[in-house]
Amino acid sequence: QVQLVESGGGSVQTGGSLKLSCAASGYIFSYCGRGWYRQAPGKEREMVSWMNSYGTTKVGTINYADSGKGRFTISTDNAKHTLYLQMNSLKTEDTAVYYCSTLCRGSWIWGQGTQVTVSS
C-alpha cells in the first residue's frame with residue numbers, strides 16, 4: 001500500500017510562494033495518476049492539479065483548476081517518488097488544507113494534508 005506524506009505548507013502573505021512536496025513510500029506511485037486537492041473551511045474538497053500517468057513513468061497530460069492556472073505548477077521526481085506543487089502569487093482564497101492523492105490500481109490514496117494559510 002502506497003503511503004503519502006505531504007510537507008511544505010505554512011503561512012505566507014498574499015503574493016508569496018510555497019512549494020509543497022508529497023513523498024510516496026512505494027515506487028508504484030510513479031506509474032499512477034497523482035495530484036493535489038485542497039479543502040477550505042466549509043467547502044468541498046476540490047482538485048488543484050492532476051498529473052496523468054498511463055502505466056509508465058512518463059508524465060501524461062496535466063490538468064489545473066482554473067483558480068491555479070498560471071500560478072501553480074505540478075511536477076514530479078520519479079527517482080525520489082515525490083510530487084511537487086509550486087504555488088506562486090498566492091491569494092487569500094488559496095487558504096486551505098492541501099492533500100496529495102493518487103489513483104493507483106483502482107484505489108484512491110490520500111495523504112494527511114498540509115495547511116496553507118495566505119494572509120493579506
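Trainee: What percentage of the 120 residues in the protein is buried?

Mentor: Please keep in mind that this is a predicted model. A residue counts as buried when its relative accessible area is under 20%. By that criterion, the buried share of the 120 residues is 45%.

Trainee: How many helices and how many strands does the protein contain?

Mentor: Reading along the sequence gives the pattern β-β-β-β-β-β-β-β-β-β-β. The radius of gyration is 14 Å, close to the 14 Å from the globule rule for 120 residues, so the protein is as compact as a globular protein of that length. The count of elements is 0 helices and 11 strands.

Trainee: What box do the C-alpha atoms fill along the principal axes?

Mentor: The protein exposes about 6,100 Å², of which carbon and sulfur atoms supply 48%. Among contacts with a separation of 6 or more, 55% join residues 24 or more positions apart. The box filled by the C-alpha atoms is roughly 40 × 25 × 25 Å.

Trainee: How far apart are the mean positions of the positive and negative charges?

Mentor: The protein has 11 positive and 7 negative charges.

Trainee: Which residues of the largest nonpolar core touch the most other members?

Mentor: In soluble globular proteins, nonpolar side chains tend to be buried together. Here the largest nonpolar core has 27 residues, and those touching the most other members are Leu 4, Phe 29, Trp 36, Leu 83, Leu 85, Met 87 and Tyr 98.

Trainee: Which elements give two or more residues to this core?

Mentor: The core in question is the largest nonpolar one, with 27 residues. The elements that give two or more residues to it are β3 (18–24), β5 (46–51), β7 (72–77), β8 (82–87), β9 (96–104) and β11 (114–119).

Trainee: Which residues is Leu 85 in contact with, leaving aside its neighbours within four places in sequence?

Mentor: Leu 85 is one of the core residues that touch the most other members. Contact requires heavy atoms within 4.5 Å. With its sequence neighbours left aside, Leu 85 is in contact with Leu 18, Lys 19, Leu 20, Trp 36, Val 48, Ser 49, Phe 72, Thr 73, Ile 74 and Tyr 98.

Trainee: What is the value of phi at Ser 89?

Mentor: Most residues other than glycine have a negative phi. Ser 89 lies in the loop between β8 and β9 and is partly exposed, with a relative accessible area of 40%. Its phi is positive, near 50 degrees.

Trainee: Is Arg 105 buried or exposed?

Mentor: Arg 105 also has a positive phi, about 55 degrees, although it is not a glycine. Its place is the loop between β9 and β10 (107–110). The cut-off for an exposed residue is over 50%. At 72% relative accessibility, Arg 105 is exposed.

Trainee: Which residues does Lys 91 contact, leaving aside those within four places in sequence?

Mentor: Lys 91 sits in the loop between β8 and β9 and is partly exposed, at a relative accessible area of 35%. Its C-alpha atom is separated by 8.2 Å from that of Gly 16, 75 residues apart along the chain. The contacts of Lys 91 are Thr 14, Arg 71 and Val 118.

Trainee: How far apart in space are the C-alpha atoms of Arg 45 and Tyr 99?

Mentor: Arg 45 belongs to the loop between β4 (33–39) and β5, and its relative accessibility of 33% makes it partly exposed. Beyond four places in sequence, Arg 45 touches Tyr 37, Arg 38, Gln 39, Tyr 99 and Trp 110. Arg 45 and Tyr 99 are 54 residues apart in sequence, and their C-alpha separation is 9.1 Å.

Trainee: Which residues does Ala 40 touch, not counting those up to four places away in sequence?

Mentor: Ala 40 is found in the loop between β4 and β5. Its relative accessible area is 18%, and it is therefore buried, given the cut-off of under 20%. The residues that Ala 40 touches are Thr 95 and Ala 96.

Trainee: In which strand is Val 97 placed?

Mentor: Val 97 is partly exposed, with a relative accessible area of 21%. Its contacts beyond four places in sequence are Tyr 37, Arg 38, Gln 39, Gly 113, Thr 114 and Gln 115. The strand that holds Val 97 is β9.

Definitions and conventions:
Residues numbered from 1 in each chain as written. Predicted model: local features only at pLDDT ≥ 70, side-chain atom pairs only at ≥ 80, totals over all residues. Heavy atoms only, no water. Helix = DSSP H or I, 4+ residues; strand = E, 2+ residues; numbered from the N terminus. Rg over C-alpha atoms; globule rule 2.2 N^0.38 Å. Buried < 20%, exposed > 50% of the residue type's maximum accessible area, 1.4 Å probe, protein only. Areas by Shrake-Rupley, 256 points an atom, 1.4 Å probe, with all protein chains shown as cover. Lys, Arg positive; Asp, Glu negative; His and termini not counted. Charge placed at Lys NZ, Arg CZ, Asp CG, Glu CD. Core = buried A, V, L, I, M, F, W, Y, C linked by side-chain atoms within 4.5 Å.
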